[in-house]
Amino acid sequence: MTELRNAQADAGRFRLRVVVVALVVLLCFGLIAARLYVLQVVRHEGLAEQAESNRTAVVPIVPNRGLIMDRNGVVLATNYSAYTLEITPSRAMDLEATIDQLAEIVDIQPRDRRRFKRLMDESRNFESLPIRTRLSDEEVARFAAQRWRFPGVEIKARLFRTYPFGEVASHAIGYIGRINQREKERIEDAGDAANYRGTDYIGKLGVEQSFESTLHGQTGVELLETSAGGHAVRRLESHPATPGNTVMLSLDIRLQKMVEDLFGERRGALVALDPRNGEVLALVSKPTFDPNLFVEGIDQENWQALNESINKPLLNRALRGTYPPGSTYKPFMALAALELGKRQAAQVFSDPGYFNYGGRTFRSHEGGLGGVDMHRAIQFSSNTYFYSLAVEMGVDSIHDFMKPLGFGQITGIDLGGEVRGVLPSQEWKRNAYKRPEAKRWYSGETVSLGIGQGYNNFTMLQLAVAEATLANGGTRHRPHLIKAVRDQVTGAVTEVEQPPGEQLGYKPRNVEIIRNALKAVNESGTGRRVFAGAPYTSAGKTGTAQAVGWAQNTRYNAKLLAEHQRDHSLFAAFAPVEDPQVAVAIIVENAGFGAAAAAPIVRRVFDYWLAGQYPSEEDIAAVAKGGGGPPAGTPRRAADVPLPLAVTP
């Protein structure tokens, strides 16, 4: 039986399907049109930029870092170009295997591997990191021939920082190192990220850190057209980098090296200033370290040796080492007595060799000095005179007078890391201690302050600033290392303006009394032997400061003590007396009497600066071993003494 179809129903269903298909097609075309609108209109600008970036590449041009020079134009920090073998960990197939295979082509030592691992820990895995630096031409050629075997490995030509004099003045000059994560965050917070694109290094210490913005320069950019494979086709545009400027310091590197040689293997610090303007002529901290070790990333052995050494070579003793000033504090106590009307210079006090106070006996010279006025008390360093003066003045009066001189204060030197030290007062003690009985100031604690002991704890920089202020009659200048900046593009030299000195308002007559007493120290007092025959007049004060405390009835005997327990040797001085041009503060740790160890070094500094004399090799060797007295042998003309380079790239 034949089935009859309903033609009209079939036609209706067909038309419905056609309509549905048509709507689907229209919807699809509508979606395509909408997408085209979004791409061509809404996102046109962004996609155009993306397309352009696929076609081009922006490459940062790292600026040459500025030079550092001393006051005479001697280069203390410079750059040289060398080839570096670098690995981008994210692009390397098997990192360990890659390094092993590279070691068959170029020399890769275990220290290179350790340094690379440490850099990986500090960096992101898409950054290019050096596995070997300063490749020879032969090594470059060997790697280039097998470059295809090592994806993610490439040779780069980079500028390396170098410090030609090695350990000399390392604490002052500082060093550069790879930028760590914390420094990256700080750069980004300061809005300077663009200027550090492509830069791996930043100043870490000393002048390199304090004048980073001056030395770094401005990063340039190069716009390159690239192929689909990412290879450069041609340069479209270029904005060259602006090199960093040259920083010219007030340091005299020949004087600096001479002082470091005179210290020998001993620990200590010396600061030499120009009292007329606060320029730092020498900033010595011994022992030193070689800043070249840090440029490429210091290896574990060297870092451990520096960081764990009992001598603490990484400590800048001039800025961060704090010490009791010992008897070098006495001239400032005497000036305070005159300015505050506590004593007259001609008043005579008995010095029997001790001072009794509060049931305790404080030691002075054995046998005593008899009757002493202010001049004689400074000249022969009477402890008894200054014990009683401290009690008369009281701790707060001492604090208030010494604070403007810079004791226990940040001096404002243009280097980072300076510490404050301790200038004691009743308020200081209340804030420094937690137990109620420890917060109280006891009158017996004031006695030792008069001779620079007790809670007194200052840096050699602070003592040098105070000495310079006394030398120039009472004007305190901010100590500074930077003298001028030379523009690397124009060559123009701009003197760096310093703030005017602060007048402390001392009476000229009072200053003259102290200066005459200090002059007598070097002519007929505790410094007479060292300064015998000097072709200039000088004023100074020796000092001996305890490294550890001793009971009053205990007799000091250096031979029975461990070296680190012996007294410190100090000396503070200026010259010439009639027109001071140099002021110096020095400490030689655990070296004993100030006239024996510290004063001889200062004598050579004055001979160099005022008479143009450089000690003989014989004399340097003698002083370095603790020998005192006037210069031995025939001094050399300072300008004729060569400065041997410690490092040659």
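Predicted model: local features only at pLDDT ≥ 70, side-chain atom pairs only at ≥ 80, totals over all residues.

Trainee: Why is Tyr536 called buried?

Mentor: Buried means under 20% relative accessible area, exposed over 50%, and partly exposed in between, with a 1.4 Å probe and protein chains only. Tyr536 has 13% relative accessibility and therefore counts as buried.

Trainee: Which residues does Tyr536 touch, not counting residues up to four places away in sequence?

Mentor: They are Phe531, Ala575, Arg603, Phe606, Asp607 and Leu610, where contact means heavy atoms within 4.5 Å. Ala575 lies 39 residues from Tyr536 along the chain, with 7.5 Å between their C-alpha atoms.

Trainee: What makes the pairing of the Tyr536 and Asp607 side chains a polar contact?

Mentor: A polar contact is a pair of N or O atoms within 3.5 Å; within protein, one must be able to donate a hydrogen and the other to accept it, and residues adjacent in sequence count only if both atoms are side-chain atoms. The side chains of Tyr536 and Asp607 are joined at 2.7 Å. The Tyr536 side chain also reaches the backbone oxygen of Arg603, at 3.4 Å.

Trainee: Why are α14 and α21 described as oblique to each other?

Mentor: Angles under 35 degrees count as roughly parallel, over 145 as roughly antiparallel, 65 to 115 as roughly perpendicular and the rest as oblique. Helix α14 (residues 330-339) and helix α21 (residues 460-471) cross at roughly 50 degrees, their axes coming within 11 Å; α14 and α21 are therefore oblique. Pro331, Phe332 and Leu335 of α14 make the contact with Leu463, Ala466, Glu467 and Leu470 of α21.

Trainee: How do the residues of that contact of α14 with α21 divide?

Mentor: They comprise six nonpolar, no polar and one charged. Ala, Val, Leu, Ile, Met, Phe, Trp, Tyr, Cys and Pro count as nonpolar, Asp, Glu, Lys and Arg as charged, and the others, Gly among them, as polar.

Trainee: How do you know that α14 and α16 are oblique to each other?

Mentor: α14 and helix α16 (residues 383-393) pack at about 45 degrees, with axes 11 Å apart, and α14 and α16 are therefore oblique to each other.

Methods. Residues numbered from 1 in each chain as written. Heavy atoms only, no water. Axes fitted to C-alpha atoms, helices over the stretch in contact; angles between N-to-C directions. Helix = DSSP H or I, 4+ residues; strand = E, 2+ residues; numbered from the N terminus.
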